[in-house]
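Hi,

Here is the structure I promised to pass on. Have a look at it first, and my notes on what turned up follow below.

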Amino acid sequence: MTTKLTIGYFYKDQLNLYGDNGNVEILTMRALRRNIYVDIVHIDTDLKINSKAMSALDIVFMGGGPDSGQKEVYKDLLKNKGDYLNEYIQKGGVGLFICGAYQLLGHYYKADDGTFIEGLGIYDMYTQHFGGRKARCVGNVVARLNSDFLSDPVFSEVNFLGGKIVGFCNHGGRSYLADDMAPLAYVERGYGNNGEDDTEGILFKNTLGTYFHGPLLSRNAHIADYLISKSLGMDSLPSIDNSLVIPAYTASFKYK
Amino acid sequence: MYLITTYISKLISRISKIINKGAGYTYPGYIALKIYPKIVKKICCMLPSKLILVTGTNGKTTTTKIISHILQNNNYRVISNKSGANLLNGIISSLLLGTNILGRLNRDVAVLEVDELFFPYFLDLLGKHRTSSLDVTALLMNVSRDQLDRYFEPDIVLNKWKAGLKKFSFPTKIVLDKSQEYFKPFFVDDTLDTYGFDSSYTALDKTSLSGEFNAKNLNAALIAVELMGISEEVSISALSDFKLAYGRGEEINYAQNIYKIYLAKNPASFNNNLKMFMSQKIHIDSLLFILNDNIPDGKDVSWIYDIDPVLLKKVCHSKDIYVSGTRYLEMALRLDYAGVTLGKDNINRSIKESLKKINKCMKDKTIVCYPNYSSMLELRKLLVGRSIL
């Protein structure tokens, strides 16, 4: 029997600011190379969803967007899709949410001029933009994965790279996690959620939120393999050629 | 002091050419600003009364070159900033180097390409310092994602342009791409004097240029010169001997191979180049991708995943692929994820080593090169023995 990976890709056309679609491309290629068939379900503003449709998904992905793109999807997400997405995540569905999408799943986003954008409140986190009072968080980042994540046997099994993630962030809003929320990683170099408390992203049930934008998975293939393995409930993954992935990951630690 | 500054600028430019540090189009301006800060006001005042500004993510250099070429062939004395030096330093350099021994510019029209983020500031500077009349034509070519770590989001750039133009005090004709939804707010604003261009091939087919993006560059340029009274027919005939700028389809013969250079510095320019390549069926034997992350390129190379993977795979099909530059590993990985087959020996951080390898393996072949900005300068320097900036 062939294995199939179904990826729910939210708002591809509106939310793809920094090559975020690369993540879906990478998940697809890494699955196909293991003879896992991939089905991508495009979840756009004109597509209606329900609990059943959501439960057919193995991974949900949503990227970051420019302000205009986020405004467009924001209403649809809150009104038509939020409840189903919440249900999917609370039940332990696997997800990857980047930058603007990561923000929208928190309680709110408060702009410097006082504009208040309500989020889905799926996890206990809020975002605030301090305008000119605090610098935009831009640059390469190196972060150490949360020990809970490292000790997940699914991750230990597929982890061929190491205990760190590398990426690039570029965000104006700063996010703050509640005390009982677990970050995805702890920053060693660069900005993370806010440049203040060393946290980066969130690890909420089986959902990952992060400010590492764009093709996060290109440099962090161990996260890609984790998402595939976790979502399909596989004990292990067949090995594939990683001869370009490993040096690209290693080189990332030196980028200034 | 002003006259001394012009002499020093010319001397610096001469020295940088002699010591092979580039053609000296930015450093003189940098020094001029240091030793004589009032040069900014002076520059704003010395510009001829007709000013054409070209800004946008892609097409600035080519469009600027087309306009200058048409005007020069119609006996206008033109000053322009060469080689894409489009920040304040570069603009000051070009203007100072264009002055005569008395420090006068004596030109009829200035055609300047202006960096998209610097553009609103440049308008501010002109508004503040210019004392005599000024007739401006501003070409807003396009806005797309480019160097996001520096430019942030396209929306922010568009808002800054609009705000800058709205408070600009000199009469300004604004030429923009009418097919772009994001320019709509400019067209519907009654306080702005707008002219739209499209991607029609009618004019393009009468020139040596090709590709949709060059159709837009050309059509925008034709409007700009038409606003000065030069008909399309006259413009087209003026372009009969036109050559593209550095790294825009330029061909260089090197070590018995032909290198064709197409600057590919952001998703739009990369995909445009790939599309043009597919539509024209140019014969090529090999492709060299070069990705750097130096300051002029932006530190964030995420955008390479916005290159259309299907196009990428098609263009690379059954060709020898080489990858180089400071971020060669990520470019190689991007190609790999697009399904392109790569030879382990064909990827090398050093551009010099990559060229050595290519020339060792191939003779009388055509190699298409897709460098981003700083790697284009580096590649050209290796191929022609001298740098351009």
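Across the interface of chain A and chain B there are 9 residue pairs in polar contact, both residues at pLDDT 80 or more (a pair of N or O atoms within 3.5 Å; within protein, one must be able to donate a hydrogen and the other to accept it, and residues adjacent in sequence count only if both atoms are side-chain atoms). Bear in mind that this is a predicted model, where local features need pLDDT of at least 70, side-chain atom pairs count only at pLDDT 80 or more, and totals for chains, interfaces and linings use all residues. Residues are numbered from 1 along each chain as its sequence is written, chains are lettered from A and ligands numbered from 1 in the order in which they are written, and side-chain values use heavy atoms, with hydrogens and water left out.

There are also 3 salt bridges between the two chains (a side-chain nitrogen of Lys or Arg within 4 Å of a carboxyl oxygen of Asp or Glu). Arg33(A) and Asp336(B) form a salt bridge, with their closest N and O atoms 3.0 Å apart.

As for who takes part, 35 residues of chain A and 27 residues of chain B are in contact (heavy atoms within 4.5 Å). About 2600 Å² is buried between chain A and chain B, 57% of it from carbon and sulfur atoms (accessible area, 1.4 Å probe, that two parts lose on being put together, summed over both). On the chain A side, Glu25(A), Leu244(A) and Tyr255(A) lose the most area to chain B, together 23% of what that side buries.

Cheers
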